[in-house]
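Hi,

Here is the structure I promised to pass on. Please have it open while you read; my notes follow below.

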Amino acid sequence: MILVPQPASFHQVGEPTVGMHGTPRSYPLQPAAPQTWQNTGMLPVPGQHAGSYPLPSMAFPQMPACGFVQPAQMPVHSCFHQYFQLLKSHFAQPTQTKMATRSLNGQLFPLIVEAFKGFDTDRDNVLNPTEANVFFSHFVSEKLGFHGAMMTVAAQESRDAAKGYEMLRAYQANRATMDAQAFRALTSDEDGYLQIHEVVDALSVGTTRHKELLRAFGFEAEEDDDVSYYADHYA
């Protein structure tokens, strides 16, 4: 005969065995308290009675939601302003080492992503032609620091401070043409859509796409064989 264990809806206190103190006596069956995870510390298993997995004694901290800071918390104007401030600070140095450029790109990355998300009004992780044009028009805005950063970069690239003013004047005189060239360098889609990896690649210093963007604005960017350290990860 096979004995099948019954669910423990009741429990019985056993009688004292031989050798134990006291007079042997029987105890009546008593209803057991309902087993719930609140009073047993056991998580219920779907399809079974409660009491299978013990809860850890530690308290779980409240984890923040995944993702970057929402645009309302970090305005896109602030992202672009900080981006150009970091760019100016970097190119104001006498020399720019590869490690310094990598460090700069690490600081620029969240700003670029936040700016992209701020203009992605339909939240589809792609900038359609309308969103992309608004994004680009803010990027080249004089108020957000584009012109100042442009002069600093031009002066450093040419090793001539006067060259910076000259290139800025040339840009202002041919802004429509240069902006159109720069926008084409920014995106690889002929239909005008912008993807986030394209924007990160183009606005990160030292990448091939970034150099193409500078040339579109009239910069004479130097060729560098080691430009794939950042682009390969996001292209």
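Helix 7 covers residues 175-186, 12 residues in all. From first C-alpha to last it reaches 16 Å, close to the 16 Å expected at 1.5 Å a residue. Bear in mind that this is a predicted model.

Which residues of helix 7 are buried? They are Met178, Asp179, Ala182, Phe183, Ala185 and Leu186. These residues cover an arc of only 155 degrees around the axis, so they sit on the same side of helix 7. Ala176 and Arg184 are on the other side, and they are exposed. The cover over the buried residues includes helix 4 (129-139), helix 6 (161-173) and helix 9 (208-216). Strand 6 (194-195) and helix 8 (196-203) are also part of that cover.

Helix 8 brings us to Ile196, which lies in it. Is Ile196 buried or partly exposed? Its relative accessibility is 31%, so Ile196 counts as partly exposed. Leaving aside residues up to four places away in sequence, Ile196 touches Val113 and Phe116. The C-alpha atom of Ile196 is also 7.3 Å from that of Asn125, and these two residues are 71 residues apart along the chain.

Last, a helix pair. The axes of helix 2 (residues 76-91) and helix 5 (residues 146-158) come within 9 Å and cross at roughly 20 degrees. Because of that angle, helix 2 is roughly parallel to helix 5. Their crossing is left-handed. Helix 2 makes the contact with Phe84, Leu87, Lys88 and Phe91. On helix 5, the contact residues include Phe146, Gly148, Ala149 and Thr152, along with Val153, Gln156 and Glu157.

Best wishes

Technical notes: Residues numbered from 1 in each chain as written. Predicted model: local features only at pLDDT ≥ 70, side-chain atom pairs only at ≥ 80, totals over all residues. Heavy atoms only, no water. Helix = DSSP H or I, 4+ residues; strand = E, 2+ residues; numbered from the N terminus. Expected span 1.5 Å × (residues − 1). Buried < 20%, exposed > 50% of the residue type's maximum accessible area, 1.4 Å probe, protein only. Arc of directions from axis to C-beta. Contact = heavy atoms within 4.5 Å. Axes fitted to C-alpha atoms, helices over the stretch in contact; angles between N-to-C directions. Parallel < 35°, antiparallel > 145°, perpendicular 65-115°, else oblique. Left-handed = near helix turned anticlockwise from the far one by under 90°.
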